[in-house]
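These are my notebook entries on a structure that I looked up and read through. I set down what I found in the order in which I looked.

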Amino acid sequence: MTERPGQDMPFLDHLEELRWRILWSLSGIAIGVAVAFFIVIHFDLLFVLQHPIEPLLGGHKLVYTHPGDPFSIVMSTSLWLGVTLAFPVVGYNVWRFVAPALYQHEKRIVLPLLIGAVILFLCGVAMAYFIVIPLTLRFLLTFQVASLDPMITVQEYFSFIISLVVSFGVAFEMPIAVVLLTMLGLVTPSFLRKFRRHAAVLCFVLGAFLSPGDAITATVAMAFRCTFSTR
């Protein structure tokens with residue numbers, strides 16, 4: 001027997017369903033940001049994020065040049081962490097919206113993909129925090145002449161850390177993206193094999209843009225993106 005998706009819904013019902021799914025997703029993000037703000041404040045998450053650079057500061061502290069910098073950093077960190085915490089809620093609402101239009105065999109693969117996306121993102125974050133960031137900071141802060149004294153602002157440091165962590169987290173989602181594109185029929189294994197060299201060049205360019213001025217980070221990012229893109 002041929003599999004069939006669920007029953008068709010009227011257009012206005014689709015819009016109503018979409019509206020509620022968006023509202024539930026935004027509510028989940030708002031709650032996630034609130035929980036993240038509590039975590040950042042009460043568990044001193046900013047101190048944890050400063051750990052990679054602390055041994056390289058020679059007993060000094062990060063400085064800030066604007067009165068609003070500490071608050072801005074707390075809010076931006078809470079936002080990114082909150083969105084990450086709310087990802088299961090957002091993913092669930094996306095799943096409930098598209099599930100009626102999927103075949104049974106497609107439904108069976110969505111949940112493993114969502115779980116895999118979360119695991120891969122966390123792997124990318126861990127890779128950036130525990131390996132890439134310490135190596136990059138060690139290289140950058142020791143590559144200087146004796147006449148220079150580093151005075152790193154907290155705003156620039158956290159912007160660097162968050163952008164790198166998010167970039168690696170997103171980069172590790174490449175296998176999920178390839179699987180989804182293959183399911184939709186937009187790419188095929190033969191297409192990926194044919195254009196893998198082009199993908200390698202594109203990965204390097206994207207890595208350079210995501211981490212400008214940092215050759216080591218760009219090279220490491222390129223290596224991992226190319227690894228995922230060429231398989």
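**Entry 1: Serine 25**

I began with serine 25 and located it in helix α1, which covers residues 11–42. I note that the model I am reading is a predicted one. Is serine 25 buried or exposed? I found a relative accessible area of 11% for serine 25, and I recorded the residue as buried because that value is under the 20% cut-off. I then looked for its partners, setting aside neighbours within four places in sequence, and found serine 25 in contact with Val90 and Asn93.

**Entry 2: The largest pocket**

I then examined the largest pocket and recorded a volume of about 490 Å³. Its lining consists of 18 residues, and those nearest the centre are Leu45, Leu49, Leu81, Val125 and Val165. Which helix gives the most to this lining? I found that α5 does, with 6 residues. Helices α2 (45–50), α3, α5 (104–142) and α6 (154–171) each supply at least two lining residues. By class, I counted 16 nonpolar and 2 polar residues in the lining, and no charged ones.

**Entry 3: The whole protein**

I recorded 10 helices and 0 strands for the protein. Of its 231 residues, 30% are buried. Among contacts with a separation of 6 or more, 82% join residues 24 or more positions apart. The accessible surface comes to about 15100 Å², and carbon and sulfur atoms hold 73% of that surface.

**Entry 4: Confidence**

The mean pLDDT of the protein is 81, and 81% of the residues reach 70 or more. Where is confidence lowest, and where is it highest? Helix α10 (residues 215–229) has the lowest mean, at 53, and helix α3 (residues 69–85) has the highest, at 92. Where pLDDT is low, predicted coordinates should not be read in detail.

Conventions: Residues are numbered from 1 along each chain as its sequence is written. This is a predicted model: local features need pLDDT of at least 70, side-chain atom pairs count only at pLDDT 80 or more; totals for chains, interfaces and linings use all residues. Side-chain values use heavy atoms; hydrogens and water are left out. pLDDT is the predictor's confidence in each residue, from 0 to 100. Helices (H or I, at least four residues) and strands (E, at least two) are DSSP runs, numbered from the N terminus. Buried means under 20% relative accessible area, exposed over 50%, partly exposed in between (1.4 Å probe, protein chains only). Contact means heavy atoms within 4.5 Å. On a 1 Å grid over the protein atoms alone, a cavity is a set of points where a 1.4 Å probe fits but cannot get out, and a pocket is an open set with protein on both sides within 12 Å along at least five of seven lines; lining residues have an atom within 4 Å of a point. Grid points are joined across faces, edges and corners, and a volume is the space filled by probe spheres set on the points. Ala, Val, Leu, Ile, Met, Phe, Trp, Tyr, Cys and Pro count as nonpolar, Asp, Glu, Lys and Arg as charged, and the others, Gly among them, as polar. Accessible areas come from the Shrake-Rupley method with a 1.4 Å probe; for residues, only the protein chains shown count as cover.
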